[in-house]
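Hello,

Here is the structure I promised to pass on.

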Amino acid sequence: MTSIELKQKRAEIHASLKDLRGKIGKDGLFLDTVHETAWHKAEEDYRKISERIEQVERAEAIDREMLAAQLMDAEQRTGAPKREVATDTHESAFNRYLLRGFNGLNDTEKRLLESRGTSTQITTTDSLGGFLVPRSFSNQLEMVMKYYGGILTACDIFDDPIGGTLEWPTGDDTAVTGSIQTTQGATVAVSDMTFGQVLFGHFTFTSGVVKVSKQLMQDERVGLLTNVLTEALGSRMGRNINAKLTTGTGTNEPFGIITSTTVGKTANSQTVFTQGEIIDLMYSVDRAYRESPSAGFMMHDTIMAAARKLDVANTNTVQFFTPSLIAGEPDRVLGKPIYINNDMASALTTGQKLILFGDFSKYKIRRILAPTVERNDNIYWDSLNVGFMGYQRLDAKFIAQGSIKFLALA
């Protein structure tokens with residue numbers, strides 16, 4: 001495995017460790033031995049794969065040095081002029097593509113970019129492969145998109161290698177309790193299971209076009225272009241995606257999570273909510289979803305401030321709000337993580353849907369391939385600008401009614 005593949009595997013293990021932290025009680029001990037055993041195994045796997053990453057990265061560095069030395073020796077023997085050593089990573093090849101365009105790459109770099117296409121797309125036509133984003137660059141875009149909202153952080157994302165309508169089967173057998181056979185040999189009644197389906201579409205979210213002058217591209221020396229693109233393209237798409245996945249109507253856009261969920265608790269007041277009403281919201285969700293590792297709260301930052309103020313005058317022995325002690329980990333309310341989503345309602349006014357609680361893994365986000373960036377050298381040719389645009393195809397649907405509910409003001 002390459003270092004990139006190993007790092008992806010380590011990220012999966014880290015995600016499982018984060019889930020297992022939710023099984024630690026207030027006394028600092030795990031709630032049961034099963035989760036404690038799983039924690040120790042994941043921790044050991046994380047340590048081993050980190051060691052393996054270091055070994056592979058050292059080997060890859062040696063390979064690069066050997067390649068550079070071989071090219072230099074060949075040039076010295078033939079007397080050919082020195083040329084730049086070809087890159088052997090998708091990321092560095094893509095960065096050169098951003099700066100120079102496809103025609104500015106050497107043959108090795110072109111092959112690296114084209115190999116991201118399908119087996120029928122490995123040609124010299126850059127639109128069939130050369131515009132595809134390296135995985136490490138798309139990860140940077142995704143990080144920026146997550147920063148602008150809580151949806152991509154809290155909810156479950158599944159990657160789909162192809163677009164088109166996707167049928168997701170669903171079923172609800174909770175109303176069936178079975179029967180008691182009172183007479184030996186009697187026929188047991190048939191009780192069929194029923195199923196349904198949720199249809200996922202494929203909306204395309206774009207960043208719009210970002211113009212970068214050729215003078216800037218020629219003069220920058222510290223990766224400014226790559227940083228600017230990552231920030232601009234990622235944040236533009238991230239803001240749009242988070243907004244639509246929060247309040248989208250389902251008409252020419254995804255069904256937002258607010259649109260898809262039902263009321264769990266209506267506050268008595270039109271302007272304030274209480275700790276008791278947040279507890280009622282939490283317990284309006286079935287225990288099967290409430291105790292899920294993916295269960296948590298979601299709200300606007302302003303509403304989070306209002307919720308924290310409830311703890312200021314709290315005279316109860318139970319701590320309502322618990323700040324995170326680990327960098328990158330969310331704060332908690334009643335032991336459950338809090339995801340800040342500033343596309344949710346922020347005003348304490350009549351009827352506002354203020355707080356979500358439930359199992360956020362039941363709001364599925366279908367992501368079709370990685371975020372993609374394209375470069376166009378011709379559209380702004382007369383002003384010496386180059387156009388860049390990023391896009392991401394996705395849709396989202398709620399697959400289990402009742403697994404997430406909201407608190408609304410009266």
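Two strands are taken to pair if DSSP finds at least two bridges between them, strands being DSSP runs of E with at least two residues, numbered from the N terminus. This is a predicted model, where local features need pLDDT of at least 70, side-chain atom pairs count only at pLDDT 80 or more, and totals for chains, interfaces and linings use all residues. Residues are numbered from 1 along each chain as its sequence is written, and side-chain values use heavy atoms, with hydrogens and water left out.

On to the sheet. Four strands form an open sheet in the order β1-β11-β12-β4, with mixed pairing. Because β1 (156-160) and β4 (203-213) each have a single partner strand, they stand at the edges, and one side of each lacks a neighbour in the sheet. β1 and β11 run parallel and are joined by 5 bridges; F158 has R366 in β11 as its bridge partner.

Next, S361. This residue sits in the loop between β10 (353-359) and β11 (363-376). Is S361 buried or exposed? S361 counts as buried because its relative accessibility is 15%, where buried means under 20% relative accessible area with a 1.4 Å probe and protein chains only. Its side chain makes a polar contact of 2.7 Å with that of D359 (a pair of N or O atoms within 3.5 Å; within protein, one must be able to donate a hydrogen and the other to accept it, and residues adjacent in sequence count only if both atoms are side-chain atoms). Beyond neighbours within four places in sequence, S361 is in contact (heavy atoms within 4.5 Å) with D156 and S294.

Best wishes

Conventions: Buried means under 20% relative accessible area, exposed over 50%, partly exposed in between (1.4 Å probe, protein chains only).
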